[in-house]
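Hi,

Here is the structure I promised to pass on. Have a look at it first, and then read my notes below.

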Amino acid sequence: MKQSIKQRYIASAFILLAATVIVKVISAVYKIPLTNYIGATGRGYFTVAYNLCMPIYALTMGAFPLALTRLVSSYEAKGDRFRIAALRKASKKLFLIVGIIGMAVMLIMAKPYADFISSSPKSIYTILALAPSVFFSCLCACHRAFSEGFLDMKATAYSQLIEALFKMIFGLLFARLSMSWLFGGYIENSMVLGVAVNSDEQALSVIYPITSACAMLGVTLGSIASYVFAGIYTNIKYKFSYKERIDSKDAYSELLMFSAGLVGATVVQSLANFADSSSIQYCLTLCDANALSAQYMASDNDIYTYVLGIFAVALDFRNLIPAIVMALGVTAVPAVSTAYEGGQERFSSLLTSIFKYTVIISVCGGIMIALFYNDILTLFYSKNNADIVSNAGRLLFVFAVSSLPCAAASTSVYCTQALGFAKQTIMPFAVSAAVRVALNFILIPVNEINILGSAVSNFAGFLIILIWNMITIYKKTNAKFNLFEIYLKPCACAALSYFVTSGIRQSISTSISELGVFVLSIVICLLSFGILLILMKSISFKELKTLK
């Protein structure tokens, strides 16, 4: 029996969701020993490189893949396979050009960004090592977006897994080999790459930028492997043979025209994220270095990069939530655009499910991290980097309890753009950026607050995006949202689960081992949250049956 759009959406979202969870587990396995190799300072160099890369990545990958997916799904619904074949041919040329431009921009910006914006000149090595990944990620996105137009998430899911595995294996291998070689040279002759050093601290200051860059090469290799797989997958599965010659000129123009509104929104979004990340780095340098050193009990040398590394560690765990939730948003693009043509009731029902499960996953992840942030940091970093456990805990807790807007905002943006209202997402991005940058300049330079201010600005900025886009969808489509079902019920269940688990954990903490308390607390938290969702009828078993 043919599945409905809603059933296909949930099944496709589940595939991508499962893959995303595995990818994030692999990423954690990768980043945790990597941080143990290169420390918080080395993670700071990683963060600088990614802060430059992500806006460029979003700019090159934000509009065109979404446009391709939307057009393919539209012509698939009409049964026009010839036009789909033309779009495929046109998209390969477009993504090749965009990838070259994106990589070139990153290479040109590497030194100015490292020197003047991040105040971390040695981060240029990691930036240069990461730059080629922009090119290959663009090529891979062409194949992913094409298959997503058929609500086929396998190319995206499997290529993400391959990319994560390559990044982990080669990133750790290169980091370990380079660290062993460079530190071994220092032990033998008190020199690192021909530079004389007088202490371990000086040696590591020279070594960390190089080992970070070597580890970053694993990311680039992962993007190459991901592109190769996605290309093979789509070429085998989607074979279109026609006797007549396929002219891609019209399809190329259509793809560009459809992307125009998305490009505007993506440019603003990329600039907003760039302004936010850059202002965080700059505002940190406005703090007193001695005060930061005293607070974090770290050396004055590279203290700003060190604090940025602490920020990156906290983000590793916080970003698990929006990254997993993003699977719902990506899958929503073809599903929402198709359902919009199928009737108001059907459309409203799909939107409600998308937002509701986004919130459920978000708040579940939030309370888990908020309850066990210290256990998580202790488990992964206490052996080799005990300073990270004590310094990142408070920031990670604040990130966790304020994670909902960040996760749900991305879903609201995907849905708005999938409906053809990309231009309406520009203003919320701009306003959000202004609010985030303003709060960064107000809060971060205060020595007692410093990097914690980024969590406050993050919450406020994404809340604006979420509310604004939901209002846009409501006004443009007359969709009926049940805010009580979408937000209030799951948030109430999460809050009750947090306090129940916290109370029980305190009462049993003296009667069994720490590991026993930790495991039992996780079980209690998940069970209580699940039971409350069932009792309040937030979970629909009818929808979950479609996963079978």
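**The second largest cavity**

The second largest cavity holds about 60 Å³ of space. Keep in mind that this is a predicted model. Searching the whole structure turns up three cavities of 30 Å³ or more.

So who lines the second largest cavity? Go and find Ser-118, Ser-119, Ser-120, Gln-281, Leu-284, Thr-285, Tyr-304, Thr-305 and Leu-308. Two helices, H7 (249-284) and H9 (303-318), each supply at least two residues of that lining. H9 gives the most, with three residues. Sorted by class, the lining has six polar residues, three nonpolar ones and no charged ones.

**Two helix pairs**

Start with H2 (residues 64-78) and H3 (residues 81-117): their axes are 10 Å apart and the angle is about 175°. Angles over 145 degrees count as roughly antiparallel, and H2 and H3 are therefore roughly antiparallel to each other. On the H2 side, the contact uses Phe-64, Pro-65, Leu-68, Leu-71, Val-72, Tyr-75 and Glu-76. On the H3 side, you'll see Arg-81, Arg-83, Ile-84, Leu-87, Ser-91, Leu-94, Phe-95 and Val-98. What kinds of residues are these? The contact of H2 with H3 has eleven nonpolar residues, one polar and three charged.

Now look at H4 (residues 124-148) and H5 (residues 154-189), which pack at about 150° with axes 8 Å apart. By the same cut-off of 145 degrees, H4 and H5 are therefore roughly antiparallel to each other too. From H4, the contact takes in Cys-140, Arg-144, Ser-147 and Glu-148. H5 brings Ala-155, Thr-156, Ser-159, Gln-160 and Glu-163.

**Aromatic pairs**

Last stop: the rings. A pair of aromatic rings is described by how far apart the centres are and by the angle of the planes. How many aromatic pairs are there? The count comes to 19. One to look up is the pair of Tyr-282 and Phe-441, with 6.0 Å centre to centre and 45° between the planes, which makes it tilted. Tyr-282 sits in helix H7 and Phe-441 in helix H14 (residues 426-443), so this pair ties together parts that are 159 residues apart in sequence.

Definitions and conventions. Residues numbered from 1 in each chain as written. Predicted model: local features only at pLDDT ≥ 70, side-chain atom pairs only at ≥ 80, totals over all residues. Heavy atoms only, no water. 1 Å grid on protein atoms, 1.4 Å probe; cavity = no way out; pocket = protein on both sides within 12 Å on 5 of 7 lines; lining within 4 Å. Points joined across faces, edges and corners; volume = space filled by probe spheres on them. Helix = DSSP H or I, 4+ residues; strand = E, 2+ residues; numbered from the N terminus. Nonpolar A, V, L, I, M, F, W, Y, C, P; charged D, E, K, R; others polar. Axes fitted to C-alpha atoms, helices over the stretch in contact; angles between N-to-C directions. Parallel < 35°, antiparallel > 145°, perpendicular 65-115°, else oblique. Contact = heavy atoms within 4.5 Å. Phe/Tyr/Trp six-rings, centres within 6.5 Å; stacked < 30°, edge-to-face > 60°.
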